[in-house]
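Below is a short briefing on one protein chain.

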Amino acid sequence: MKTVGKTIRHIRKMKGMRQKDFSKITQAGIANIESSRCNITLDSLLSILNDFEMSIREFVYIQNDYQLSPTESIFFDFTNTKHSIDREQGDLLLKNMTSYLDKNPLDFIAYCMYVIEDVYLRITAENTYDINSPEANKIWEILNPRPEWSYQEVFIMSKLFFIFPIDIGEEMVNRIELRMIKYLDYYKDVHFDATFYMNVGKYYIHKNRLDIARKYLKKTIPLCKKYDRVTTENDAHAHLAIIDYLQGNKDAQEIVMDCVQRYHAMRKPAQAADLENDWNIFFKDKIFS
């Protein structure tokens, strides 16, 4: 990894700028920073980045020789894996996490993602969301006392809440929903809110809170239209039909099967199989009311 000074020098030359071209720092000041003759304050760094028209995230990426840090790399891979469907990618991710944690056992964020991936693996293997995970309970014990959560902590809890009992799960959902509002523009391509509301809807279906589940699924659909998330939108329509079915409308089964066929039409056979499997295991022979 380059020093901050060498990174500034690299970017300055990349931008075709001279040391005297900065708005708030003198030529001598830039020279001292680039040669590491003095430490740089955060205010000075932010001023330089403003002149570069560059985010601090990109600056750190360049500083790290155009690579994500190991934790960021794992987090990026994690957010882009369909954990309940793509088990080959999930198993590879779990292997990489294990290798990283062997060398960096104190990395809490990486550990949390390892626990989540292990939970998903167990859900897939056991065909149930009733997973007993002491590791997940420990994560909650650590994060619960904190008055606010960072983006990564919000994301972590959004992937764990559904294995907890309803009283704790509801508390988690409420805290995530309030906190995530501040981070919706942080990773716009993740579409955190659409995915979260979809998962909350599924959670409340499994907990027989069907009216609450319907509310969250109805929040999901306009977000899916906004983000052009057609697969998630199809999933939301399927689970709204599942609610109707569980409330006594047997004809809703046809809508669920239609959503399965729509996945096939989208060339998404894994999603089709996942939905059909959930339908057959959890809902087909079950009427809540």
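The protein chain has 15 helices and 0 strands. The model is predicted. Along the principal axes, the C-alpha atoms of the chain fill a box of roughly 75 × 40 × 35 Å.

**Burial and contacts in the chain**
- The protein chain has 289 residues, of which 44% count as buried.
- Among contacts in the chain with a separation of 6 or more, 63% come from residues 24 or more positions apart.

**Helices H11 and H12**
- Two packed helices are described by the angle between their axes and the distance between the axes.
- For H11 (residues 192–206) and H12 (residues 210–227), the axes come within 8 Å and cross at roughly 155°.
- Angles over 145 degrees count as roughly antiparallel, so H11 is roughly antiparallel to H12.
- The crossing of H11 and H12 is left-handed.
- On the H11 side, the contact is made by Asp193, Ala194, Tyr197, Met198, Val200, Gly201, Tyr204 and Ile205.
- On the H12 side, the residues are Leu210, Ile212, Ala213, Tyr216, Leu217, Lys219, Thr220, Leu223, Cys224 and Tyr227.
- By class, the contact of H11 with H12 has 14 nonpolar, 2 polar and 2 charged residues.

**Helices H7 and H8**
- The axes of H7 (residues 108–126) and H8 (residues 134–143) come within 10 Å, and they cross at roughly 140°.
- Roughly antiparallel requires an angle over 145 degrees, and H7 and H8 are therefore oblique to each other.
- The H7–H8 crossing is left-handed.
- H7 contributes Phe108, Tyr111, Cys112 and Val115 to the contact.
- H8 contributes Glu135, Ala136, Ile139, Ile142 and Leu143.
- The residues of the contact of H7 with H8 divide into 8 nonpolar, no polar and 1 charged.

**Helix H13**
- H13 spans residues 230–246, which is 17 residues.
- From its first C-alpha to its last, H13 reaches 24 Å, close to the 24 Å expected at 1.5 Å a residue.
- Of the 17 residues of H13, 14 are buried, so this helix is largely enclosed by the rest of the structure.

Key: Residues numbered from 1 in each chain as written. Predicted model: local features only at pLDDT ≥ 70, side-chain atom pairs only at ≥ 80, totals over all residues. Heavy atoms only, no water. Axes fitted to C-alpha atoms, helices over the stretch in contact; angles between N-to-C directions. Helix = DSSP H or I, 4+ residues; strand = E, 2+ residues; numbered from the N terminus. Parallel < 35°, antiparallel > 145°, perpendicular 65-115°, else oblique. Left-handed = near helix turned anticlockwise from the far one by under 90°. Contact = heavy atoms within 4.5 Å. Nonpolar A, V, L, I, M, F, W, Y, C, P; charged D, E, K, R; others polar. Expected span 1.5 Å × (residues − 1). Buried < 20%, exposed > 50% of the residue type's maximum accessible area, 1.4 Å probe, protein only.
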